[in-house]
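Student: Can you take me through the strands in this one?
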Amino acid sequence: VILDRTAIYPTSGGQQHDNGTLKIEGTEEPYQIIDAVKVGKCVLHTLDRPLEGDIESYKGKKVHVAIDQDRRKQLQAHHTGTHIVFAACRKVLGPHIWQNGAKKTTEQAHLDITHYKSLSKEEELAIENAANRIINNCHNINKSFMDKDQAEKQYGFHLYQGGVVPGNQLRVVDIEGIDTEACCGTHCDSTAEVGWIKLIKSQRISDGIVRLYYVAHEKAIEKLNEEQEIMNDLCNTWGVDQSQILHTANRFFNEYKKLTNMTKKQDQQILNLQVKYVINSNEAAKFYYVKSEQDSPTLYFSFLPQFASKLKELGKGIVFIGNNFILGLVGTAEFKAAVTELEALCKEMSTKPVKSAVKAEVKFDYKIKGQKPVVTKEICQFSITGADFNTDKVAELLKKHSIEEME
């Protein structure tokens, strides 16, 4: 629908459009405005449903448009916040800062600035604090139209942070004593209306350009509440007060690293014993499988190669079965037929893509510090990774190929 004039702000200048309702004279139910874009001098209002009856009969009728005020306030807080964050960046980082782009949605906003390096956490905090001090000082925000010549003479080309504006007139947004730009977006009447700015993160998106993500107004409250809820949950779970969270987290992390190292050494010792059992076994079975409790096959990739030479010499092998992987090292290239069946079974069982790697002639070049490299050729190594493997079905297939379970 096209109107002769409208209070709805269309998507423009990186800012999302307003939503609202549109009531046409002579109709009972209002339409919902779900999108608005500007094409030339017209604003196109997209409605939630088609107009009823003869379209021609609507021409010239009066309408009443009501803006979704909550959405408008959130968008204008994010847009005004862009000017405030920009001013804070210039204050903290220096006068070389220039706006390279911006986007304002109801969920969050971001500002791209020209800067020669990524921001540190200290710089992020300083920018956030500077922005909120501007808000707390309740600076008036004046919006007016000016002749371009007069505006440029009074404010200079600093006006064009959002790009050069065509035409002979500019809409000037002046945050008194803070920032003045040519801008046609929706803005608050005072910095106090922005409420609060919470900087979420910053990242270097290209050479010389840094992007800052932030929220304001109600979204800032939501973000602060989320962070406080995390703090409260940690306090309740750990049984400490907020001042002890960092100390407790560091203690847990250090203990976790110590425990992880201990577990890694124990896993290596268990693996050594399992493979030595296969190597030293005098029983008829030459191939064994083990149901693994590892989350990934990383351990086996790292430590099995040292046993490749001995397994090749004896013609023995070992297979490890996990919930999402199967990995084996077998001292004969004739094992490939069993691996082909395993691949087919795993693809049938898994609801996710299955990856497999089979090498019937592998050359291991295993190096031990202080010793010459041990080279092993023509040994079968295979790995199948994916998800949802039924270890019992895998074990059943392996037994079919004379591979016994290690007790």
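Tutor: We go through the open sheet, then the helices on it, then another set of strands. This is a predicted model, where local features need pLDDT of at least 70, side-chain atom pairs count only at pLDDT 80 or more, and totals for chains, interfaces and linings use all residues. Residues are numbered from 1 along each chain as its sequence is written, and side-chain values use heavy atoms, leaving out hydrogens and water.

Student: In what order do the four strands of the open sheet come?

Tutor: The order is β5-β6-β11-β10, with antiparallel pairing. Strands are DSSP runs of E, at least two residues, and helices are runs of H or I, at least four, numbered from the N terminus; two strands pair if DSSP finds at least two bridges between them.

Student: Why is one side of β5 and of β10 left without a neighbour?

Tutor: β5 (99-104) and β10 (197-206) stand at the edges and each has a single partner strand, so one side of each has no neighbour in the sheet.

Student: Which strands does α1 touch?

Tutor: Helix α1 (residues 69-93) packs on the sheet and touches β5, β6, β10 and β11 (209-216). Contact means heavy atoms within 4.5 Å.

Student: Switching topic: how many residues of β8 are buried?

Tutor: Six of the seven residues in β8 (169-175) are buried, meaning under 20% relative accessible area with a 1.4 Å probe, protein chains only.

Student: And what does β8 pair with over seven bridges?

Tutor: Strand β7 (residues 141-147), in the antiparallel sense. Asp147 has Gln169 in β8 as its bridge partner.

Note on methods
Axes are lines fitted to C-alpha atoms, for helices over the stretch in contact, and angles run from 0 to 180 degrees between N-to-C directions. Buried means under 20% relative accessible area, exposed over 50%, partly exposed in between (1.4 Å probe, protein chains only).
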